[in-house]
Amino acid sequence: MISKKHWSPGSDVAVQSVDRSESGGWIVSGSLTPSGICPDCGLHSRRRHGWRRRRLQDYPAHGDEVTVDLAVCRWRCQAPACPRRTFSDQIAWIARPFARRTSRVGEIVSHLGHAAGGRPAERLLHRLGLGVSDDTVLRHLKKRAQGTAEPPTVIGIDDWSWRKSQTYGTIIVDLERRVVIDVLEDRDVVTCTNWLKRHPDVEVISRDRCGLYAQAARQGAPQAKQVADRFHIVQNLRQAIEEQMNLHGRATGRALLSDADNITAAGSLLKSRLAHRTSREEIFTTIHALRNQGLSCSEIGRRAADAQRRDRECRRDRRREDDR
Ligand SMILES: [Zn+2]
């Protein structure tokens, strides 16, 4: 049994109860310390002015969602000289103001969004017991991106999928600090140019070899040096090697055969493909016939394996006879 303190989203939160929610998750009811500290004068106060509840999504437990139901108090400051009359419990280390999830969950959402993108991150988070939409993942990414204070000088720019193979945006990364600076709605030259114009400190742009970002860089940041990033160089090299290998592999194969052999080889290939397809169709029909007879799956598997073995032996014998 997990003790109550293990359900706490932070060391200052005392857990009162842990219950099952109607949706099958867990509700952790907790409260903070029984007194507050005035942020202006630093005096402790036990005079409660009021309280409200904040519901925060927290780390999942055993694959189920966990919601922390936290009682946040408002206290009266009793120092006569203090300009502040009331103040609230400080929970910035648990969750940001108006946030719907704890900061530690927000960190995970940002990391997954950065690594996998909106939709894949949403699917992964659901599997982990964190119901977070792809819009939220993107919002976290953007918020994190806006947190960078100093203007970027060395950036990486590449396309980024909002929905894989359907809609693409543009991701811009500060390569010195290794953080995402911005995620643009599309991968349009005008959008990228405008972004670069708003960031005149950019000195180096690492990009793929697509003309779109090259044009945007020329128009939006003519002062910047454009470089091809390592990933795309290696990718291009691999593609070039594959193309050459395929080309020369086929040519070498053809050169080893005479014209007559070439025609025979093409005929044999066609025949073998047709035979392969026919044999697969036969297996499919046989399996369905056996299933209709009421045979079990294991029995069908055994018979199909026997039939395939007999078929292979038969073909081998035929080839031997042809060779003679
Ligand atoms: Zn005070």
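Me: Cys38, buried or exposed?
Reply: Cys38 counts as buried, because its relative accessibility is 2%. Buried means under 20% relative accessible area, exposed over 50%, partly exposed in between (1.4 Å probe, protein chains only). This is a predicted model: local features need pLDDT of at least 70, side-chain atom pairs pLDDT 80 or more, while totals for chains, interfaces and linings use all residues. Residues are numbered from 1 along each chain as its sequence is written, and side-chain values use heavy atoms, without hydrogens and water.

Me: Which residues coordinate the zinc ion?
Reply: Cys38, Cys41, Cys77 and Cys82, each through SG, at 2.2 to 2.4 Å. Donors are N, O and S atoms within 2.8 Å of the metal (3.2 Å for Na, K and Ca); water is not among the atoms, so sites may look incomplete.

Me: What spacing do the donors follow?
Reply: C-x2-C-x35-C-x4-C along the chain. Cys38 sits in the loop between β3 (36-37) and β4 (44-45), Cys77 in the loop between β6 (64-76) and β7 (86-88), 39 residues apart.

Me: And Cys77, buried or exposed?
Reply: Buried, because Cys77 has 4% relative accessibility.

Me: New topic. How many residues has the largest nonpolar core?
Reply: It has 16, and Ile155, Cys192 and Leu196 are among those with the most contacts inside it. Such a core is a set of buried Ala, Val, Leu, Ile, Met, Phe, Trp, Tyr and Cys residues joined through side-chain atoms within 4.5 Å.

Me: What does Trp195 touch?
Reply: Ile155, Ile172, Ile181, Asp182 and Leu184, leaving out residues up to four places away in sequence. Contact means heavy atoms within 4.5 Å.

Methods:
Helix = DSSP H or I, 4+ residues; strand = E, 2+ residues; numbered from the N terminus.
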